Amino acid sequence: MPQSQFIDPARVRAKGELTFPAIPLNAYDKTLAQERARYSDTELIDIYRDMRVIREFETMLYSVRTTKQYNGVDYVYTGPAHLYTGQEAAAVGMAYTLDKDDAIFGSHRSHGEVLARGYGMIRQLPDDELMSIMKSFNNGLTLRAIEKQAGDSAKDIARDFLLYGFMAELFGRENGFTKGLGNSMHVFFTPLGIYPNNAIVGGSAPITVGAALYKKIMQQKGIVVYNAGDGSLGCGPVWEALNFAAMSQYDRLWEDGYKGGLPLIFNFFNNGYGMGGQTDGETMAYGILARVGAGIREDALHAERVDGYNPLAVIDAFRRKREVIDARQGPVLLDVVTYRYAGHSATDASTYRTKDEIDAWQSRDSIQSFRTELAANGILTEDAADQIDRRIKDDITRIMRVAIDPERSPRLDLVRDPDAVRGFIFSNERIGKRGEGAPRTLKPLDENSRVQKLKQKERFAFGKDGKPIGKLKQFNIRDALFEAMIGKFYDDPSLIAFGEDNRDWGGAFGVYGGMTESLPYHRFFNAPISESAIVSAAVGYAMMGGRAIPELMYCDFLGRAGDEVFNQMAKWQAMSAGALKIPVVLRVSVGSKYGAQHAQDWTSLCAHIPGLKVCYPVTPYDAKGLMNAALSGSDPVVFFESQKLYDMGETFREGGVPEGYYEIPIGEPDVKRQGGDVTILSIGASLYAAMDAARTLEAEHHLSAEVIDARSLVPFNYDKVIESVKKTGRIALISDACERGSHANDLARNITEFCFGWLDAPPVVVGAPNVISPCPELEQYYYPQPDWLLSAIHTKLLPLKGYVPSMNYQTLEKIRRERLGV
């Protein structure tokens, strides 16, 4: 909400009409003879060869998937096979002009793009650089598996290396590009500019926005290409990405030197189908895909339709669109018409289309058409073309024999090393800063007005006389988070933050207040209401080498970014076998007072997903220390914050919150109150209910409760909990999350196992009821109260003399509710 922009009612209410720019359709009309001056014979033959490699590679995959053999070599492959057959010209044309500074991202159907980009890079890179890449990858094991049988030149070796690394990945082998953990739909190899392909349709779109943001913000060379099918335009995240990539603020509000559009091409391979749905005439509304650009921005994203059956037409389009991007007028949208001969996957019988349609496209086959043109222009004879074809088939057969050989291409040995995959879930590295040079800021840190105000605040909630200090004078959780984040902004030049209402407003809950005066737009900006794009753009930014703090205004909005948090942010470190780092700290605010869709604690959802670290601090000291740790790590962190506690001062640590830098290791719970009769383990804001209950136990029942604040859900060190239970023999767990599916149940199960010999009773879990969160007037009946905890302790752990429970924790009542599903 920049005050510099005035929404003029006279302008927006004025009569008029919109006009749209013309969108070219298949405008390329040059013959091969006319293009001879632009290409050498060798380059044209290479185009043919690359298309043939893709075709034969997919023939091999289809054969082993359906007939369990290829060219006389037996192999049973049961994995996915989304074939590229028919689309080869579009892939080779896309990759032809790209250089080493460019990055491509793809989809579940991206084998052709991987091979085309890989072969293009092999031709470009010097031999010594190629050998360095191959020797350094996987400790040289991938190279050694094929080096002896490859040709003499570095480029011959590199071509075998590309085929082998790709094929070994397909077949789940340790020498694959991601040790077999990515498989067919996720294969990539960043040293050749091939970034992750995504099995989630449309999943790469907002990631590429983040990748392009990184190039723009860090002022790096190159463009980013989002490759996907036309079916992906049925996905909300793709539309979010189109808008996010084309936001007006890049031109209007970002400062000089950073103005202009993103270096991004949305390259849609339009094969006419999204699975079995026909996109033109059935499942989509646009008719001609290129039309979509006109709905995003007034320049229509420089959209055009391109004949993807002619590789030279695609090359021409990419050359022209790079000029648009070089002029900082991106992003660009391309509608590249092509066709897949096979079904959606190898098991798809294509019953939704006719044989006549398939025959019509195959009669215009791009590879055969290009081969005919080469012959007609005296560039490649039929005999020479046949020789190329035979060599490609022999090479693929030869490499396949190596890729399926269990001695030369073993799988990860999960018997010998059961933790092999676990070792890739988190990298657990400490990275002070990711970017080089000095961070771009607008003023020195000590001149920031909020930083100055914080110096006047009391960092402990009680004065020397033991009396509470006024709320406005206390250094609170909101301040602690701000202090950690702004300190990192002045340390790490790659750090950016974005979300809804961040700038000017200071965030919906005031955490970012004061940031705007210190940080330029390109480091701290408002995002559209596009939760999917917010999260995935941060993932893409991190993949390229940056660090990001995206924010979801409410915990409930995790549902709008479910795939992006659970399948993208969480999984790419492991699917890359540790090659990628995703240092993203996703701030998520747990609401209250706003009812069923704005006041839910969904920490358990994130704790359930492997690959996410999960923090939930509820004191200023813990909030600052854990945020500092999260912002210095290498792993994705979901950082939960309680809206009802933002103004809470530090009531536990008598020294208060230090002004200087410190970290609290993620995963270490903290004993907030010593005791010996019963242990209470709290998650999040329920700490304060636990403390109230502990005081009541002591005052009215002469029982000493030890209260432990989890602080983090993943990872979690049980040592302090185990030691406490050894003393007390009893434990109650409390959380604001709904009881069913709560992570507190996992903690209780583990505590039962770890402490069975010391427990006098099974652990009891206290959570919110399995109903919707109500209006604020009824919240006392929804969020666990101190008396609920006392009721649970009395009923399940330790009878309290003279106590009458306010809540029913009897086993029969629990059985009744479970039977009803509530």
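**Labels and their cut-offs**

Tutor: Let's start with Val822, which has a relative accessibility of 40% and so counts as partly exposed. Keep in mind that the model is predicted.

Student: Why is Val822 called partly exposed?

Tutor: Buried means under 20% and exposed means over 50%, with partly exposed in between. Val822 sits at 40%, so partly exposed is the label. You'll find Val822 in the segment after helix 28.

Student: What makes Val822 part of a nonpolar surface patch with Val771 and Leu820?

Tutor: A patch residue needs over 30% relative accessible area and no salt bridge, and nonpolar side chains are joined within 5 Å. Val822's 40% is therefore enough on the area count. Together, Val771, Leu820 and Val822 make a patch of about 260 Å².

Student: On to charges. How do you know that Lys814 and Glu739 form a salt bridge?

Tutor: The cut-off is a side-chain nitrogen of Lys or Arg within 4 Å of a carboxyl oxygen of Asp or Glu. For Lys814 and Glu739 the closest N and O atoms are 2.7 Å apart, so the pair qualifies. The two belong to distant parts of the chain, 75 residues apart: Lys814 is in helix 28, and Glu739 is in the loop between strand 21 and helix 26.

Student: Where else do Glu739 and Lys814 turn up?

Tutor: In the largest pocket, which holds about 500 Å³ of space. It has 24 lining residues, and Glu739, Val765, Tyr809, Lys814 and Arg817 are the closest to its centre. Helix 28 gives the largest share of the lining, five residues. By type, the lining divides into twelve nonpolar, six polar and six charged residues.

Student: What makes Asp359 and Lys355 a salt bridge, and how are they placed?

Tutor: Their closest N and O atoms are 2.8 Å apart, and the limit is 4 Å, so that's a salt bridge. Both lie in helix 13, four residues apart, about one turn of the helix. Lys355, at 60%, is over the 50% cut-off and so exposed, whereas Asp359, at 30%, is partly exposed.

Student: What makes Ala300 and Asn428 stand out in the backbone?

Tutor: Most residues other than glycine have a negative phi. Ala300 has a positive phi near 60 degrees, and Asn428 has a positive phi of about 55 degrees. Ala300 is at 2%, so buried, while Asn428 is at 56%, so exposed.

Student: And how do you know that a peptide bond here is cis?

Tutor: Look at omega. Most peptide bonds are trans. The bond joining Gly330 and Pro331 is cis, with omega about 0 degrees. From Val714 to Pro715 the bond is cis too, with omega near -10 degrees. Pro331 lies in the loop between helix 12 and strand 10, and Pro715 in the loop between strand 20 and helix 25.

Terms used. Residues are numbered from 1 along each chain as its sequence is written. This is a predicted model: local features need pLDDT of at least 70, side-chain atom pairs count only at pLDDT 80 or more; totals for chains, interfaces and linings use all residues. Side-chain values use heavy atoms; hydrogens and water are left out. On a 1 Å grid over the protein atoms alone, a cavity is a set of points where a 1.4 Å probe fits but cannot get out, and a pocket is an open set with protein on both sides within 12 Å along at least five of seven lines; lining residues have an atom within 4 Å of a point. Grid points are joined across faces, edges and corners, and a volume is the space filled by probe spheres set on the points. Ala, Val, Leu, Ile, Met, Phe, Trp, Tyr, Cys and Pro count as nonpolar, Asp, Glu, Lys and Arg as charged, and the others, Gly among them, as polar. Patches are made of residues with over 30% relative accessible area and no salt bridge: like charges are joined within 9 Å, nonpolar side chains (Val, Leu, Ile, Met, Phe, Trp, Tyr) within 5 Å. Accessible areas come from the Shrake-Rupley method with a 1.4 Å probe; for residues, only the protein chains shown count as cover. Buried means under 20% relative accessible area, exposed over 50%, partly exposed in between (1.4 Å probe, protein chains only).
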